[in-house]
Amino acid sequence: MTQEQLLEDIQKIKIIDTHEHLPARESKRPQDTDVLHEYLIHYMNSDILSSGMPRGEMFRLFDPNLSVGDKWNIVEPWWENCRLTGYGRSLDLSVRELYDLPGIHKDTVEELDRKFKEARRKGGHYEYVLREKSGIALSVVDSDTDCDSSLFRSTVNMDSFIIPGSRAQLQHVEFSTGIRLRTFEDWLEACRKTLNKALDEGAVVLKSTLAYKRSLDYRQATRSAAETGFLDFFRDLHFPGWENPGILPTKEFQDYMMNFILSMAEEKGLPVQIHTGILEGNGNRLGNSDPLLLNDLFLRFPDLQFSIFHMGFPFQNVVSALVKNFPNVSVDMCWAHIISPSSSREALYQWLDTIPVNKIFGFGGDYGFIDGVCGHQQMARENIAAALGRLIKEGWLDGEAALHIACKILFDNPKRFLKLDLDL
């Protein structure tokens, strides 16, 4: 079997999409926007800023008074710098597949905008993109249990109990749980009630993104140290005018709360997804998200199933060692195929001869807008075909075995990890 023949068969496999940031219902999708506005809310804008576009110019692209042609004239030089990145290629693939246009260019952008708005008006675009054009059976959407259950399941994110945010957020905790936050035990009980409520509403996995704010190095901490941190941070919560000024609670408080939340997840058999590796946007502390920092958590919670997100890029070899060593740790390629298509192909090829194949999850679109998912899943299918094709060429697999592995990576493995009741 050639790689081209294998890809043709892989195109027919249904996908469990492990992670999306999409509005969880089509009706929640922003309505008053043009195609460049929507396509530049996520990912491509980061590459364009990385290429040198001034932020002030980027802000102009969200001006509703500018035509899409005028916006293209502003962004075109920077867009061309980024066309070959995974972000750029994904959008061109999406436009070709969804709107029958040869990518995003000066000569196509106005027609693309017209077709984009027509599809929005017509409705049913989520179903069209996810099911018909992308072959996605089900997607896991980020932290919104009020989702379209025919297309999505939801994560539950408890990070705000580890690093609390604004006064309004804390007031929401009080309102939603009915608990007045006076003591540390109140805080723990509110945490319990919030998790239970999300599970009752259908959440299937716990997700953490705290690498954007702190190191993934979670130590053990005593309850007394955590309680001291709580009292110091919250002492004026109910005083008029109190607002968290951006000061983080103590590390002991944070570490204790992470261990507390993971203990609840372990008790409930709830799997856990953790952001590792590259941090979206422009500029952050990449060392905070090194997956090796999770080593102690994996030892501390051997009965809890963990998924290392985004293939840990650029720490893929560290991920290989962790997943090979720990029975309770798997790797998820969500976002990865557009971060670096070539790195994703190479990592998958190496993982296939390093770690058990049942511990690899092949796709998560991780997009904040619907059209990008289509191009991304196509790149994922091509990368999986390329990695498996190399093993066929080297004599380690035949075509039937390769297709079986592709099915596991794209459907069976994430279905089992997420405990989805789904048969196709």
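Is Arg-114 buried, partly exposed or exposed? At 42% relative accessibility, Arg-114 counts as partly exposed. Here, buried means under 20% relative accessible area, exposed means over 50%, and partly exposed lies in between (1.4 Å probe, protein chains only).

The legends describe a predicted model, in which local features need pLDDT of at least 70, side-chain atom pairs count only at pLDDT 80 or more, and totals for chains, interfaces and linings use all residues. Residues are numbered from 1 along each chain as its sequence is written, and side-chain values use heavy atoms, with hydrogens and water left out.

**View 1. A salt bridge joins Arg-114 and Glu-111.**
The two side chains meet at 2.7 Å, N to O. A salt bridge is a side-chain nitrogen of Lys or Arg within 4 Å of a carboxyl oxygen of Asp or Glu. Both residues lie in helix 7 (residues 109-122), 3 residues apart, about one turn of the helix. Helices (H or I, at least four residues) and strands (E, at least two) are DSSP runs, numbered from the N terminus. Glu-111 is partly exposed, at 30% relative accessibility.

**View 2. Glu-185 and Arg-223 meet in a salt bridge.**
Their distance is 3.1 Å, N to O. Glu-185 lies in helix 10 and Arg-223 in helix 11, so the pair ties together parts 38 residues apart in sequence. Glu-185 is partly exposed, with a relative accessible area of 33%. Arg-223 is partly exposed too, at 34%.

**View 3. Asp-255 and Arg-214 form a buried salt bridge.**
The gap is 2.9 Å, N to O. Asp-255 belongs to helix 12, and Arg-214 to the loop between strand 4 and helix 11, so the pair links parts 41 residues apart in sequence. Relative accessible area is 3% for Asp-255 and 6% for Arg-214. By the rule above, the structure has 24 salt bridges. Elsewhere, Arg-25, Lys-28, Asp-144 and Asp-146 are linked in a network of them.

**View 4. Phe-184 pairs with Phe-230.**
Rings of Phe, Tyr and Trp (its six-membered ring) pair if their centres lie within 6.5 Å; planes under 30 degrees apart count as stacked, over 60 as edge-to-face and the rest as tilted. A search of the whole structure finds 19 aromatic pairs. This one is tilted, at 5.7 Å centre to centre and 50° between the planes. Phe-184 lies in helix 10 (residues 184-200) and Phe-230 in helix 11 (residues 223-234), so parts 46 residues apart in sequence are tied together. Phe-184 is buried at 0% relative accessible area, and Phe-230 is buried at 1%.

**View 5. Phe-184 also pairs with Phe-253.**
Their ring centres are 6.2 Å apart and the planes stand at 55°, so this pair is tilted. Phe-253 lies in helix 12 (residues 251-268), so the pair ties helix 10 to a part 69 residues away in sequence. Ring pairs link a cluster of Phe-161, Phe-184, Trp-187, Phe-230, Phe-233, Phe-234, Phe-253 and Tyr-256.

Two strands pair if DSSP finds at least two bridges between them. Strand 3 (residues 152-157) and strand 4 (residues 205-208) are joined by 3 bridges. Val-156 stands opposite Leu-206 in strand 4.
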